[in-house]
Each structure stands twice: as C-alpha cells, then as structure tokens.
Amino acid sequence: MMIHFFDVVVTDKTKIRFTIFRAENLSPADKSGTSDPFCKILIDGKEKGKTSYIDRTLNPSWNECFTTRYPRNGVEFKVYDHDTFGQDDFLGSVSLTTDEILEILNSSVRSFAYL
C-alpha cells in the first residue's frame, strides 16, 4: 500500500494542514475484489478526522485537507474498508514522527509517498 500526501503546510505556529491525495495498491476486502477505502488521521493517538469513503476501488483519490494542532508525538494515517454492516476492515497505515514532519516541511518537494 502506498499513500500519497500533497502540500503539508504549517498554517501558524501551532497548526498544520495535511492533504491526503490518494492511495495505491490497497488490498481487496470485499467479495467483489475491491474495497471501499477511507483514511483516518490520528494525532498523538487520537482520531482527528477522516476522509470520505470511495466505492469499489483499490486506488482511491481523496484530495481532502485536514488542519489540526501540530503533533507532539507524530501522526498516523490508517486506511480502512468501509462496511455498511459490521466493523470496518483495516487495510494498512503510515506513521510519521515529528522529526519526519519537520523534514517534509523543510523540503522543497511538496508531494510525498509513504509505504
């Protein structure tokens, strides 16, 4: 699984904006051989937002922005398959430490991909 981020920006001294652009090569979780993926954002272990889910795809494009306080202990992006009935299926995750976030912010490249 690969998640692409675009335009990670500090909006002021205490807040940061993440744009979740897309994911690629997700695992199928449904009988149809696809998934209905969405992504949760966790800051310091607490859920702070989630994308909408995209029906029947293994390569979703969200292009959704989330602004939150700057993390003390990092950020985690967890991708799930949406299920109308029952529990959502976990598909994978990507974690960034605060040091990795600073590295991204200091980079001239504004598009990033993580496995």
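Count the salt bridges here and you get 3, a salt bridge being a side-chain nitrogen of Lys or Arg within 4 Å of a carboxyl oxygen of Asp or Glu. Keep in mind that this is a predicted model, where local features need pLDDT of at least 70, side-chain atom pairs count only at pLDDT 80 or more, and totals for chains, interfaces and linings use all residues. Residues are numbered from 1 along each chain as its sequence is written, and side-chain values use heavy atoms, with hydrogens and water left out.

Let's start with Arg 69 and Asp 44, whose side chains meet in a salt bridge at 2.8 Å, N to O. This pair ties together distant parts of the chain, 25 residues apart: Arg 69 sits in strand β6 (residues 61-69), while Asp 44 is in the loop between β4 (37-43) and β5 (46-50). Strands here are DSSP runs of E, at least two residues, numbered from the N terminus. How accessible is Arg 69? Its relative accessibility is 34%, so it counts as partly exposed, a class that lies between buried (under 20% relative accessible area) and exposed (over 50%), using a 1.4 Å probe and protein chains only. Asp 44 is partly exposed as well, at 22%.

Next, look at Arg 22, which forms a salt bridge with Glu 24; their closest N and O atoms are 3.1 Å apart. Arg 22 has 25% relative accessibility and so counts as partly exposed, and Glu 24, with a relative accessible area of 23%, is partly exposed too.

That leaves Glu 47 and Lys 40, joined by a salt bridge with an N to O distance of 3.7 Å. Glu 47 is partly exposed, its relative accessible area being 43%.

Note on methods:
Helix = DSSP H or I, 4+ residues; strand = E, 2+ residues; numbered from the N terminus.
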